[in-house]
Amino acid sequence: MPNKGDHNILIIEDNPGDLALVEEFLFEQIESPVLSHVSNFVDAKNVLTNAATAFDIILLDLSLPDKTGTPLIEEIIKVSANAAVIVLTGYSDLSFGLRSLSLGVSDYILKDELTSLSLYKSIVYSTERKRIALALETSEKRARRFAKQLNSVVEEERLRIAREIHDEFGQQLSGLKMSMASLKKNNGVSSDLQPVIEAIVTDVDNSIQTLRLIANELRPALLDKLGLFAAIEWLVSEFERKTGIQSKIYVEIDQPSIDRTTGISIFRICQEALTNIAKHAAASLVSIRLESGVEMIKVYISDNGKGIDTRTLQNSSSMGLLNMRERASLIGAELNINSVPGKGTNIELKIKTNGNEDIDSR
Ligand SMILES: Nc1ncnc2c1ncn2[C@@H]1O[C@H](COP(=O)(O)OP(=O)(O)O)[C@@H](O)[C@H]1O
Ligand SMILES: [Mg+2]
């Protein structure tokens, strides 16, 4: 004998005979079901959007007088909140049944095969699946928020260290250089010491250069001063200078302003892509294309190197690629990495410029 329990169920059914049967089955298995009933889509939508009570289960007949099939499922799913939707239908169509599951339906049952027990089982399983899905969704949201927070903390920290290195340490070394220069001019210093002082000044100069490079790698000043596109152009020219790989960059900008978080994320994705090319691709040519329109920013990075094999591409523990995907998803961007072994790699990043309002609520 199945367990009894409370359930708050909305039955959306226009056929009085089917309704009576479903109600009878429900009362057979559940001690005190709370049942509501509507017989068309408009009423269902009203009840679901206005109801003070939340439903656990929606039993949906697939052919209502004012809406049927896929559009009906899509509309009901939109307003179903936390309720599991079970479709009851007279038509046996396995492929439609499968498709409806991908629309977010919990179960798809043929009316001919309906028994009180199969209906009850479906309700229990669907409620449980929905509970697990909601818990998973909450935990994914939490993980996403954490990743976002982590990225921004890392960026702030890099900025802080870069400034400290540049401003504090850099100033001190410049001071040291000036003192050495005035010491050199001092008449009291013996001529033996002159070359030593000169060597120290050269060392200090080199250290200042190195510090600048380190600070810039941590957080390119250009990114904050001149914005994303200038920073990427700099990144590409540095890449070409350091690796000797011929690099072509095409820039088409109609809409130059991009918010800070998006800009930093795009920059970091490009940085990782170019680092990977330098480290792994053995390429002789790299091409970068930046397009920024009113609605969309697109970035393409392709190399003619050895390509990434499918297993590596799908390996979720590969940190650089993982981080690129994570950053893309945090700014609501689409990232596609396509690679043909032996032929090279194409990376495509697309960001809707007006689609970022809800990043914080993700
Ligand atoms: N442009 C590329 N060309 C060839 N292989 C690449 C390219 N980008 C990434 N790979 C391969 O994918 C692997 C994973 O990259 P990534 O996650 O950045 O890790 P890492 O760079 O630390 O090895 C690399 O080890 C390399 O084998
Ligand atoms: Mg890498």
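**Reading the ligand and metal sites**

Biologist: I see a polar side-chain atom of His280 at 2.8 Å from an oxygen atom of ligand 1. What counts as a polar contact here?

Modeller: A pair of N or O atoms within 3.5 Å; within protein, one must be able to donate a hydrogen and the other to accept it, and residues adjacent in sequence count only if both atoms are side-chain atoms. This is a predicted model, where local features need pLDDT of at least 70 and side-chain atom pairs pLDDT 80 or more, while totals for chains, interfaces and linings use all residues. Side-chain values use heavy atoms, leaving out hydrogens and water; residues are numbered from 1 along each chain as its sequence is written, with chains lettered from A and ligands numbered from 1 in the order written.

Biologist: Which backbone atoms make such contacts with ligand 1?

Modeller: A polar backbone atom of Gly320 is 2.9 Å from a ligand oxygen, and a backbone N or O atom of Leu321 lies 2.8 Å from one. The protein covers 77% of the 540 Å² of accessible area that ligand 1 has on its own (Shrake-Rupley method, 1.4 Å probe).

Biologist: Which elements give two or more residues to the shell?

Modeller: Those are α9 (260-281) and α11 (319-330), helices being DSSP runs of H or I with at least four residues, and strands runs of E with at least two, numbered from the N terminus. Helix α9 gives the most, 6 residues.

Biologist: How many residues surround ligand 1?

Modeller: There are 15, and Glu272, Asn276, His280, Ser318 and Leu321 are the closest (a heavy atom within 4 Å makes a residue near).

Biologist: What coordinates the magnesium ion?

Modeller: Ligand 2, the magnesium ion, is held by Glu272 (OE) and Asn276 (OD1) at 2.1 to 2.2 Å. Donors are N, O and S atoms within 2.8 Å of the metal (3.2 Å for Na, K and Ca), and water is not among the atoms, so sites may look incomplete. Both residues lie in α9, 4 residues apart, about one turn of the helix.

Biologist: Is Asn276 buried or exposed?

Modeller: Buried means under 20% relative accessible area, exposed over 50%, and partly exposed in between (1.4 Å probe, protein chains only). Asn276 is buried at 17%, whereas Glu272, at 24%, is partly exposed.

Biologist: Where does Ile288 sit?

Modeller: Ile288 is in strand β7 (residues 285-292), and it counts as buried at 1% relative accessibility. Its C-alpha atom is 6.6 Å from that of Ser302, 14 residues apart along the chain.
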